[in-house]
Amino acid sequence: MAERVEQRLEDRIPELEQLERVGLFTHKEIRAVLRKASALEYKIQRRALRKEDFINYIQRIGYSFKKDEIEHSILHRVHSLFNRATGKWKDDVQLWLSHVAFCKQWNAKHQLSKVFSTMLAIHSNKPELWIMAAKWEMETRLSSESARHLFLRALRFHPECPKLYQEYFRMELMHAEKQRKEKREFEQAKMDLGEFNYSEEILNGEMARIVYRDASQKIKGVEFQLAVLSIAKLFDFTQDLQKEILESLQTRYADDPLTWDYMARRELELGSLPPTEQSTKQKKVSEMAQREERCCAVFDEAVRAVPTEDMWKCYITFCLERYNRKTNSAELKQKRLERTLSVFSKAHESSLLSEALYKQWLQLLLDSNLSEKAVEVAEAAARHFSQSVEIWQMRLQVLIQLKRDDVTQCFEEAIKHVKSKGTLPLWTLWVEWSEGTSSKEDTEALYQRSLHATTPAESVTMKEMYLDWTYRNCGYKKVKRLFTSLCENRPFSLDFFRKMIQIEKEQESSKMLHLREYYERALREFGSTSTDLWLDYVKEELSHPQGKPENCGSIHWRAMKMLQGDLVMMAAASEAANSEGKQLPNKTETMIWKPRKECLLQNIPPVPHGKSEESQPASTSPHEDDVSGSTDEGWCNIFAGLDVWNSEISNIPESSGQQDASAQEVEDWDKELEESACSPYDADDFSCGSFEDNNLFGSYVWKEDWFYNPRCHHTPCFVFPPKIRTVEKGQFDDAEVEPGQK
């Protein structure tokens with residue numbers, strides 16, 4: 001590995017000399033660059049490679065110098081790193097796209113062509129990559145032949161991909177338009193076109209027609225036909241092609257609502273007169289009104305020919321779009337509103353109005369101050385969709401907004417018609433309305449009723465709302481009794497317990513005894529899945545005036561037993577995040593954090609200075625039978641981020657041989673040059689974790705033995721397995737047999 005690194009560093013000498021020669025870097029800075037490059041080279045030569053090391057190296061050397069000699073070597077190295085990275089992680093599409101973007105930035109066309117070729121060979125199942133490559137060939141390299149070749153290859157892998165056919169169709173039209181412009185310019189310059197071969201079929205878009213016909217046989221659906229037609233309309237020489245597509249659309253998809261929708265909207269574009277100076281505002285409004293009337297005439301014919309819900313939806317959507325358009329004409333605005341309301345009424349009479357359209361209808365009526373009509377429509381929608389929670393919720397919101405007297409009756413009717421599952425929005429709306437209009441007794445009775453009427457999963461939300469309302473309106477004592485009552489019936493949510501904990505902490509005389517009760521109740525339900533709950537419990541014991549820090553050890557031990565799988569590691573990560581703000585030791589000293597006296601177990605005597613730890617009696621630890629040695633050391637480490645340690649720092653000289661990992665690398669070239677040691681490794685190359693495999697909360701610094709651990713200081717006794725005697729067949733055949741025995 002070292003030979004490869006040295007070889008790569010030697011290859012950089014010419015460019016570094018050039019950097020120093022042109023004055024971009026000094027000699028000292030060149031040495032610092034070599035030092036940093038050496039460390040980065042060692043990282044990408046490891047046996048276990050990491051993608052992040054390659055990305056960091058690429059970003060590190062991504063300078064933008066103007067000297068060709070420097071640029072060439074740097075670009076060559078970046079391409080080499082990208083090739084190695086994509087060869088290692090072939091499935092990472094984002095890595096391939098980063099290489100593509102780099103090639104485009106530096107205009108490396110030849111290299112980019114190779115990248116596309118290799119990438120498409122690996123990721124041939126992604127049509128977007130084929131389109132990207134063909135677009136680059138067409139627009140950047142101006143090679144329609146290469147783009148056509150890529151599209152044909154892509155269609156072999158994706159013979160029924162609509163997007164590929166659409167872009168292929170667009171490419172052929174662009175190629176035809178390009179040739180038409182070239183021919184026109186040559187003719188204007190009066191140049192001889194003998195040596196140029198411009199086929200009339202290609203100039204008229206016959207290649208695109210072939211693509212369309214082939215695609216229409218394989219891809220069914222009106223959406224593809226409309227997409228191709230919209231592309232063809234972008235070019236002014238495709239009138240015949242547009243006519244062919246439109247005829248196919250009307251013939252093959254005459255009963256599709258999208259076909260009628262396109263034909264109706266097409267009337268807005270047809271028959272429009274070019275604007276003139278003599279055109280007055282009134283004439284423009286009149287002309288727009290006539291075109292909209294022609295569109296509505298086509299839609300009226302469509303709903304008679306295809307009387308479906310989707311067809312009415314297209315008609316109403318068109319009317320709403322025209323109504324929402326800004327206009328200075330109040331007359332046109334009013335006409336659009338009347339037309340839209342009329343179409344809504346016709347669709348309602350045909351019983352072909354969906355729930356979403358009923359909502360839009362109601363909103364339009366409310367915005368137009370037609371409240372009585374809105375109440376009628378809401379009632380009709382509730383009759384038509386009597387099982388829909390959203391429709392009933394919409395009707396209730398209308399009644400509440402209008403402050404009608406029959407709100408309670410409507411709530412009762414809604415609960416009667418809708419099944420119990422999914423009624424949570426109705427109960428939530430009901431209790432929120434009752435809080436502002438009814439008495440406390442009625443609201444409390446409604447909360448009690450909702451707990452029995454909703455499903456167990458939905459009752460969780462009602463419990464949270466009930467608890468919050470009781471505290472706001474009835475006080476602490478009432479909410480405490482309510483909490484005890486609600487805890488008798490599962491299920492619960494974590495926010496339910498956290499709300500009660502917060503209520504207790506807001507009291508002037510907050511009692512730790514009550515907080516322990518709430519935490520213990522919550523841990524019985526969520527102790528195996530919530531790491532934050534355990535940490536909050538520990539913090540409460542440490543920060544509360546009535547807390548007992550000596551309980552933290554047992555809490556941590558219980559957490560390690562209850563948490564499931566990866567949640568133990570998540571707890572470790574959370575602990576590490578909490579301790580990020582702590583100052584890490586520098587290169588000349590190591591910090592040894594000592595626990596606060598009240599955190600130590602009072603019945604464990606300290607190890608006398610100067611005496612052997614092996615001389616301590618084995619009965620020193622009272623938890624020897626309950627907690628393993630690794631746990632005794634582990635529960636203290638969790639408090640590193642909870643501000644429970646005094647900042648006693650012991651300075652250990654450099655000769656002790658202990659070295660820490662720096663929390664964050666700060667680049668200082670002058671400082672690096674002053675250091676005499678020149679190691680190719682940095683802090684990431686060394687293992688900084690604890691040597692205890694079972695200690696998930698191991699600190700990054702060396703620690704003293706704070707507690708006596710019999711497992712570490714005494715040799716375990718030998719336990720010999722019992723001997724098993726086996727008798728071989730015929731072993732006692734020659735034994736003497738006493739009289740009377742066999």
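Pro-491 sits in the loop that links helix 26 (476-486) to helix 27 (494-505), where helices (H or I, at least four residues) and strands (E, at least two) are DSSP runs numbered from the N terminus. The peptide bond leading from Arg-490 into Pro-491 is cis, with omega near 5°. Please keep in mind that this is a predicted model, in which local features need pLDDT of at least 70 and side-chain atom pairs count only at pLDDT 80 or more, while totals for chains, interfaces and linings use all residues. Residues are numbered from 1 along each chain as its sequence is written, and side-chain values use heavy atoms, with hydrogens and water left out.

As a reminder, most residues other than glycine have a negative phi, and most peptide bonds are trans. Ser-351, which is not a glycine, has a positive phi of about 55°, and it lies in the loop between helix 18 (330-349) and helix 19 (355-367). With a relative accessibility of 45%, Ser-351 counts as partly exposed; here buried means under 20% relative accessible area, exposed over 50%, and partly exposed in between, with a 1.4 Å probe and protein chains only. Asn-369, in the loop between helix 19 and helix 20 (371-384), also has a positive phi, near 60°, and Asn-369 is exposed, at a relative accessible area of 69%.

For the chain as a whole, there are 34 helices and zero strands, and 41% of the 742 residues count as buried. Among contacts (heavy atoms within 4.5 Å) with a separation of 6 or more, 63% are between residues 24 or more positions apart.

Now to the packing. Helix 7 (residues 109-122) and helix 8 (residues 127-139) pack at an angle of about 155°, with their axes 10 Å apart; axes are lines fitted to C-alpha atoms, for helices over the stretch in contact, and angles run from 0 to 180 degrees between N-to-C directions. The two, helix 7 and helix 8, are therefore roughly antiparallel, given that angles under 35 degrees count as roughly parallel, over 145 as roughly antiparallel, 65 to 115 as roughly perpendicular and the rest as oblique. On helix 7 the contact involves Lys-109, Leu-112, Ser-113, Phe-116, Met-119 and Leu-120, and on helix 8 it involves Leu-129, Trp-130, Met-132, Ala-133, Trp-136 and Glu-137.

Helix 13 (residues 222-232) and helix 15 (residues 257-265) have axes that come within 9 Å and cross at roughly 25°, which makes helix 13 roughly parallel to helix 15. Their contact is formed by Val-222, Glu-223, Leu-226 and Leu-229 from helix 13, together with Leu-258, Thr-259 and Tyr-262 from helix 15.

Which residues of helix 22 (residues 407-417) are buried? They are Val-407, Cys-410, Phe-411, Ala-414 and Ile-415, and they cover an arc of only 135° around the axis, which puts them on the same side of helix 22; the arc is that of the directions from the helix axis to the C-beta atoms. These buried residues of helix 22 pack against helix 21 (389-401) and helix 23 (424-437), whereas Gln-409 and Lys-416, on the other side of helix 22, are exposed.
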